[in-house]
Amino acid sequence: MPRRVANVLCGKPCAERKITGADSVCVCNQTYCDDFPQLTLPKTGVVLVYESGKSGHRFQETQLKLQTHTSPQTTRSNKDTQTITIDKNQKYQSIIGFGGAFTDEFGMVLNAVPKQLSTYLMESLFGKNGNEYNMGRVPVASTDYSAHYYTYDDVVNDTHLTKFALAKEDMELKVWY
């Protein structure tokens, strides 16, 4: 049965803005952006849970102490009890990383904001005090997040792709060097 051990709030707190008729948001601008502590592996027998919600929690860490059982047991239902069954012999998939898509729209946002804010945004995705993404997907040609539809070879019957070329959007919005 899990048991609460401790709670730790994010590193730099949310600069909260209330939105009438909607949830509140954390404001990130060129002078400030919230973050959360660097994630670490929990001790053996402990699970870390990070929670954000309308109650004001923002990346609130809760440590749950696990009890292991070698055979199924019947326990009394309790609101503070959660049962997780792990079959070590069943493997579903392997995870090679986490990340997001570098679409035209994402590039437009990064280009539209001040340089310091775009730096904060990238740090919040890939940095040690952010999501710690380690992958990014760059879509081929346009997506539903593009200002218009385009391909890399719009010439009819160009079966040898002699007119194949990256688009202006790729160089301005998706490829940084």
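## A linked trio

Asp 104, Asp 170 and Lys 174 are joined in a network of salt bridges. A salt bridge here is a side-chain nitrogen of Lys or Arg within 4 Å of a carboxyl oxygen of Asp or Glu. Side chains of opposite charge can pair when their charged atoms come close.

This is a predicted model: local features need pLDDT of at least 70, side-chain atom pairs count only at pLDDT 80 or more, and totals for chains, interfaces and linings use all residues. Residues are numbered from 1 along each chain as its sequence is written, and side-chain values use heavy atoms, leaving out hydrogens and water.

## Inside the network

Lys 174 meets Asp 104 at 3.4 Å, N to O. Lys 174 sits in helix H3 (residues 168–174) and Asp 104 in helix H1 (residues 104–112), so the pair ties together parts 70 residues apart in sequence. Helices are DSSP runs of H or I, at least four residues, and strands are runs of E, at least two; both are numbered from the N terminus.

Lys 174 also pairs with Asp 170, with the closest N and O atoms 3.1 Å apart. These two are four residues apart in helix H3, about one helical turn. Lys 174 is buried, at 4% relative accessible area. Asp 170 is buried too, at 3%. Buried means under 20%, exposed over 50%, and partly exposed in between (1.4 Å probe, protein chains only).

## Another pair

The whole structure holds four salt bridges. One of them joins Lys 128 and Glu 132 (3.7 Å, N to O). Lys 128 is exposed, at 53%. Glu 132 is partly exposed, at 25%.
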